[in-house]
Amino acid sequence: KQLTFIWRRISTRNFRIDPSLSNIIDVFVLNQNYDTKYREWIADNRQVTSQPSPPTESVLETQFASIESKKAISDSIVYRAAEYKVLFGELADVELQGRFKIVKVSGTTLTNNEIKSKVLVAINTFFEIDNWDFGETFYFTELAAFVHQQLPGIISSIIITPIESNSVFGDLFQITPESNELFIPDVTLQDIDIVDSLNAL
């Protein structure tokens, strides 16, 4: 029997379709200059008006022009600049802002500020670029497990609670970025609280 069918390709808003018969190769690029400027902006400037912008597609095409000669004639390369999705701090979208609550192990000799500093280091380490792929989903359970692994015998519990009034506990437990985005945390010692118990949260 003959099968009659029609095939349609519907592009998401993040993709463009070349109507020719070719292979479309998406290349995600994290520009080192953009990465450096963005991290400096989060650490020092923090003004929305001066937030660094990722390079444009035309800039990336010029930067990687040497690759064009290595592709097949029928191929089309689309360069897509990586962008950062800020999590947790005041620079994040309001629905992604939250505070970390820590219950320390009874009897630990570390001060609250020392514990906060160690938790902050663990969070930043967890979000290092080498640990992530573009568009990869964040699960808070993985972050919590990593922090516990880095601070054995120091903390007994860690959770994150959203700041937005309309949010509920658990809203920040899973976050999926766009396909060209990477996470970057905006967390300071002031975003971490040491509490006696999680029962009242």
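## Terms and model

Helices (H or I, at least four residues) and strands (E, at least two) are DSSP runs, numbered from the N terminus. The model described here is predicted.

## The largest pocket

The volume of the largest pocket is about 260 Å³. Its lining consists of 13 residues, and R39, I42, N124, I184 and P185 are those that lie nearest the centre of the pocket.

Three elements, helix 1 (32–45), helix 4 (112–126) and strand 8 (181–185), each supply at least two residues of this lining. Helix 1 gives the most, with 3 residues. By class, the lining of the largest pocket comprises 8 nonpolar, 1 polar and 4 charged residues.

## The second largest pocket

For the second largest pocket, the volume is about 160 Å³. The residues that line this pocket are Y38, W41, Q51, Y84, K85, V86, L91, A92, D93, L96 and E181. Helix 1 and strand 3 (83–87) are the elements that give two or more residues to this lining.

Which element gives the most to the lining of the second largest pocket? Strand 3 does, with 3 residues. The lining of the second largest pocket divides into 7 nonpolar, 1 polar and 3 charged residues.

## Helix 1 in both linings

Helix 1 supplies at least two residues to the lining of the largest pocket, and helix 1 also gives two or more residues to the lining of the second largest pocket.

How values were computed. Residues are numbered from 1 along each chain as its sequence is written. This is a predicted model: local features need pLDDT of at least 70, side-chain atom pairs count only at pLDDT 80 or more; totals for chains, interfaces and linings use all residues. Side-chain values use heavy atoms; hydrogens and water are left out. On a 1 Å grid over the protein atoms alone, a cavity is a set of points where a 1.4 Å probe fits but cannot get out, and a pocket is an open set with protein on both sides within 12 Å along at least five of seven lines; lining residues have an atom within 4 Å of a point. Grid points are joined across faces, edges and corners, and a volume is the space filled by probe spheres set on the points. Ala, Val, Leu, Ile, Met, Phe, Trp, Tyr, Cys and Pro count as nonpolar, Asp, Glu, Lys and Arg as charged, and the others, Gly among them, as polar.
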